[in-house]
Amino acid sequence: MKNRIIVWLTLLLCIVCLLTGGCAALNSSPTLNSSSQTPTQNIPVQVDSPSEPKSSDILKVHFIDVGQGDAILVQSPSGQNMLVDAGEKDYADVVIKYLLAQGVKELDIVVGTHPHADHIGGLPTIIDYFPIKSIYMPKATGNTETFRNLLNTINNKGIKISTARAGVDLPLNGVSCRFVAPLLDTYEDLNNYSGVIRLEYGTQSFLLTGDAEAESENQMLAAGENLKSTVLKVGHHGSDSSSSSKFLKAVVPHYAVIMVGKDNPYGHPHSRILSRLSSAGIKVYRTDRDGTVVFTSDGKYLQITQGR
């Protein structure tokens, strides 16, 4: 009799659970720990939604697709605009149209990282087009028509060139922005003159390396520069002359951007560098594959968009 009562009670309980959905609800709700619900400030979050962070105080870093070259637009929370390089001369109009589409009317800061045409070729046209407040370049000279044209354009606009070298702060309000290289005034390879910029906004940071190679990377490491950054602009278009293992360990980026032209004749990016980035668990974006890549941050979170 006792067993019969237990059976009936068990059946009755099951019927109640089925009618109310209570048992199903209990079984289908996974337990979420606090770390999966609330990301910490030290971990960048990629936002899949096309909407931007709700704060109006946002930093935008645009890695503009200019083929086999560099052109990076930084828009500060205070509304300032900084352009780092501008690709080859033939891409000047592409960069101008892109800047206008982003609401740029003047450039507070222009940086020519070093005197190679794939970095400074488009700058004369852009400097002629926009009002410019300040220009930074390293103490490197070039004997090319491209470099002479840039100097003549700057001179004609009456702008004084400030020296890009380690320890020099860039005037971006609300953002820590400074050169961490070059550390010397003389190099055999022009790439090592590259003005390397580290940006920091809240818990997010960017390292823009130009074409700096292993020699410059080793000097930054030896000088004890703070290189740790959320986003790394991979040096020299992903060439194996840059991005040494020691350097990557110091930067420990979550994301890397390789600015490179499709089917370029240099074999960039090098398979060794791609393997090194992959082994370190770094998410890689490439302008030849992903187009222009834009990072937007409110100082805590990152939104990443591509293909513009």
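1. **Ground rules.** This is a predicted model, in which local features need pLDDT of at least 70 and side-chain atom pairs count only at pLDDT 80 or more, while totals for chains, interfaces and linings use all residues. Residues are numbered from 1 along each chain as its sequence is written, and side-chain values use heavy atoms, with hydrogens and water left out.

2. **Overall make-up.** The protein has eleven helices and 15 strands; these are DSSP runs numbered from the N terminus, helices being H or I of at least four residues and strands E of at least two. Of its 308 residues, 49% count as buried (buried is under 20% relative accessible area, exposed over 50%, partly exposed in between, with a 1.4 Å probe and protein chains only). The accessible surface comes to about 15100 Å², and 52% of that belongs to carbon and sulfur atoms (Shrake-Rupley method, 1.4 Å probe; for residues, only the protein chains shown count as cover). Taking contacts between residues at least 6 apart in sequence, 66% join residues at least 24 apart, where contact means heavy atoms within 4.5 Å.

3. **The six-stranded sheet.** Back to the opening pair: strands E8-E9-E10-E11-E12-E13, in that order, form an open sheet with mixed pairing (two strands pair if DSSP finds at least two bridges between them). Its edge strands are E8 (176–181) and E13 (283–286), each pairing on one side only. From one strand to the next, the twist averages 20° (axes are lines fitted to C-alpha atoms, for helices over the stretch in contact, and angles run from 0 to 180 degrees between N-to-C directions). E8 and E9 (residues 196–201) run antiparallel and are joined by five bridges.

4. **Strand E10 and its partners.** E9 and E10 form a hairpin with two residues between them, and Gly 202 in the turn has a positive phi of about 60°. The two strands pair in the antiparallel sense over five bridges, with Phe 206 in E10 as the bridge partner of Leu 199. On to E11: E10 runs parallel to E11 and is joined to it by three bridges, and Val 231 in E11 is the bridge partner of Phe 206. E10 (residues 204–208) is mostly covered, five of its five residues being buried. In a regular strand the side chains alternate between the two faces of the sheet. Here Gln 204, Phe 206 and Leu 208 point one way from E10, while Ser 205 and Leu 207 point the other way.

5. **Another enclosed strand.** Five of the five residues of E5 are buried, so E5 is largely enclosed by the rest of the structure. Strand E4 (residues 81–84) runs parallel to E5 and is joined to it by three bridges; Leu 83 stands opposite Val 110 in E5.

6. **Nonpolar cores.** The largest nonpolar core has 30 residues, and those with the most contacts inside it are Met 82, Leu 199 and Phe 295 (a core is a set of buried Ala, Val, Leu, Ile, Met, Phe, Trp, Tyr and Cys residues joined through side-chain atoms within 4.5 Å). A second, separate core of 26 residues includes Ala 86, Leu 107, Ile 120 and Val 294. Leaving aside neighbours within four places in sequence, the contacts of Met 82 include Ile 72, Val 111, Cys 177 and Leu 199.

7. The structure holds ten salt bridges (a side-chain nitrogen of Lys or Arg within 4 Å of a carboxyl oxygen of Asp or Glu). One of them joins Asp 70 to Lys 233, with the closest N and O atoms 2.8 Å apart. Asp 70 lies in the loop between E2 (59–63) and E3 (72–75) and Lys 233 in E11 (residues 231–233), so the pair ties together parts 163 residues apart in sequence. Asp 70 counts as buried at 1% relative accessibility, and Lys 233 counts as buried at 1% too.

8. **Two further salt bridges.** Glu 225 and Arg 178 meet through their side chains (3.1 Å, N to O). Glu 225 lies in the loop between helix H8 (214–222) and E11, and Arg 178 in E8, so this pair ties together parts 47 residues apart in sequence. Salt bridges that share partners also join Glu 106, Asp 108 and Lys 133 into one network. Within it, Glu 106 and Lys 133 meet at 3.5 Å, N to O; Glu 106 is partly exposed at 32% relative accessibility, and Lys 133 is exposed at 55%.
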